[in-house]
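Subject: Structure handover

Hello,

Here is the structure I promised to pass on. Please open it alongside this message.

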Amino acid sequence: MRYVRPSTTQEAAALLESEPGVAYVLAGGTDLLVRMKLGHIEPDLLVDIKHIPAMHAIAHSARGTRIGAAVSGAMLGEHKALARAWPGVVEATGLIGSDQVQSRCTMAGNLCNASPAADSVPALIAAGAKVVVVSSSGRRTVAVEKIPSGPGKTSLAAGEFIEAVILPARSPRSGDAYLRFTPRTEMDIAVASAGVNLTLARGRVASARVALGAVAPTAVLVPAAAKAIIGTRLDDDALGKLAAACSAACKPIDDKRGTIEYRTRIAGVLARRAARIAFQRAGGA
Amino acid sequence: MAAVLVTTKINGDTVEFACPPEETLLSVLRNRLGLTGAKEGCSTGDCGACSVTLDGRLVCSCLVLGAEAEGREIATIEGMADQDQLHPLQRNFIEYAALQCGICTPGFLMAARVLLERNPDPTESEIRYALAGNLCRCTGYDKIVRAVQATAKELRRPEKNKHRRKKA
């Protein structure tokens with residue numbers, strides 16, 4: 001195996017393009033190095049992107065906030081403006097692993113590891129986040145929900161990698177929240193999870209996005225759940241419909257963490273609670 | 001397979017080493033540099049026994065490649081005491097019997113030090129969350145938490161600490 005540390009994105013893309021064997025991008029390495037040790041993957045080339053300055057940048061513009069692919073969970077959590085604008089996304093990312101893991105883990109890595117239970121992914125999908133996918137032939141911008149294609153699988157083509165995560169510009173009176181259920185309060189993997197993002201107008205939900213984690217082969221966007229609360233003041237009836245739409249969207253597995261029945265039910269409960277938090281954060285009463 | 005040449009700083013000293021690209025920082029520290037304080041527990045980032053800091057941030061050295069240390073600053077448990085003078089955390093871990101077999105102790109000390117540098121007055125709950133990435137199968141954690149609480153208190157009152165040390 002060779003290890004390279006390019007200093008520009010173009011150089012990284014060229015290295016990935018020209019590698020005839022198995023190549024991986026290394027950012028935080030908290031999943032990649034474990035998969036290497038377990039023998040699940042045997043890379044011929046590791047491209048460390050941490051020497052590319054833009055990969056560490058958090059930049060705001062009229063179009064939104066661009067977060068470099070190597071920005072760690074710890075860096076994200078320390079960014080006060082981001083935590084104010086997108087508390088759900090920042091808290092979800094903060095749930096990944098221990099402080100040791102937070103020092104290294106990234107949202108782009110969490111997304112590309114493609115675990116159905118990845119904590120940052122439902123929050124990013126609810127936020128309407130996009131990723132910038134780069135290769136030697138150029139760039140494309142893709143919705144986060146289009147990246148994972150199954151457990152451990154992504155829609156990225158050979159030679160493509162994520163350069164940045166883009167959170168959309170924030171309207172006033174908006175709020176987001178992410179909740180997961182785990183038997184323990186820390187160092188555990190979601191049994192089910194829900195991310196809700198909404199914007200209010202005159203006290204009513206004007207727009208919303210709802211996404212679920214750990215209840216299907218990938219995190220899922222649930223348009224029917226958003227529809228259930230749009231136009232409402234998030235009364236009990238609307239919340240009941242939201243929960244029912246979420247449960248209806250679940251296609252979970254039975255495993256040691258939870259049964260199909262339990263996951264299906266709890267997904268609705270978590271979405272309802274997350275919606276309430278997002279509503280309060282948006283200034284709703 | 002070509003070895004990677006790395007220049008880095010460990011506990012303030014410039015260090016050079018060569019290692020295969022897939023070798024972890026933990027293996028470099030223990031097997032090439034003789035710094036055996038960081039321990040190999042799980043080797044998958046779950047137990048924290050290999051905790052060190054990388055540019056001031058707490059990491060599992062089993063999940064960092066030696067090659068990634070290039071140009072960075074690493075601190076390990078070997079740099080914690082000031083010559084013969086133990087760090088207050090080390091002293092209090094002994095005082096409060098916060099260790100039994102000792103395998104997890106270097107990792108806990110590194111994690112606790114980072115915590116107290118960032119938050120000099122943590123609540124018990126904050127201490128437990130901050131140390132959640134470090135596993136101990138002997139103590140049941142309570143004595144570790146008490147040792148960290150005592151150290152936090154001591155570091156917030158350096159005058160009293162000086163007096164205590166003189167008496168001892």
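Below is what I found, taken chain by chain and then contact by contact.

One caveat before the details: this is a predicted model.

Chain A

Chain A holds 11 helices and 14 strands. Its radius of gyration is 19 Å, close to the 19 Å from the globule rule for 285 residues, so chain A is as compact as a globular protein of that length. The C-alpha trace of chain A spans about 60 × 45 × 30 Å along its principal axes. Of its 285 residues, 54% count as buried.

Strand β3 of chain A

Start with the pairing. β3(A) pairs with β1(A) in the parallel sense, over 3 bridges. In β3(A), A:V47 has A:V4 standing opposite. β3(A) also pairs with β2(A), residues 23-26, again in the parallel sense and over 4 bridges. There A:A23 stands opposite A:L45 of β3(A).

β2(A), α2(A) and β3(A) form a β-α-β unit, and the unit is right-handed.

Which way do the side chains of β3(A) point? A:L45 and A:V47 point one way, A:L46 and A:D48 the other. In a regular strand, side chains alternate between the two faces of the sheet. All four residues named here are buried, A:D48 included.

The contact between the chains

How many residues of each chain are in contact? Chain A brings 20 residues and chain B brings 23. On the chain A side, the elements that give two or more residues are β1 (2-4), α2 (32-37), β3 (45-48) and α6 (99-102). α2(A) gives the largest share, with 4 residues.

Chain B

Chain B has 6 helices and 5 strands. From the N terminus, the order is β-β-α-β-β-β-α-α-α-α-α. The radius of gyration of chain B is 17 Å, close to the 15 Å that the globule rule gives for 168 residues, so chain B is as compact as a globular protein of that length. Along its principal axes, the C-alpha trace of chain B spans about 55 × 30 × 25 Å. Buried residues make up 45% of the 168 in chain B. Of the contacts in chain B with a separation of 6 or more, 57% are between residues 24 or more positions apart.

The two domains of chain B

Chain B divides into domain 1 (4-79) and domain 2 (88-167). Their C-alpha centres lie 23 Å apart. The contact between them takes 13 residues from domain 1 of chain B and 11 from domain 2 of chain B. Which strand gives the most to the domain 1 side? Strand β3 of chain B, residues 51-54, does, with 3 residues. The residues on that side of domain 1 of chain B divide into 7 nonpolar, 5 polar and 1 charged.

That is the handover.

Best wishes

Conventions. Residues numbered from 1 in each chain as written. Chains lettered and ligands numbered in written order. Predicted model: local features only at pLDDT ≥ 70, side-chain atom pairs only at ≥ 80, totals over all residues. Rg over C-alpha atoms; globule rule 2.2 N^0.38 Å. Buried ≥ 20, exposed ≤ 12 C-beta atoms within 10 Å, placed from the backbone. Contact = placed C-beta atoms within 7 Å. Domains from an automatic or database assignment. Nonpolar A, V, L, I, M, F, W, Y, C, P; charged D, E, K, R; others polar. Pairing = 2+ DSSP bridges. Right-handed = clockwise from strand over helix to strand, strands pointing away.
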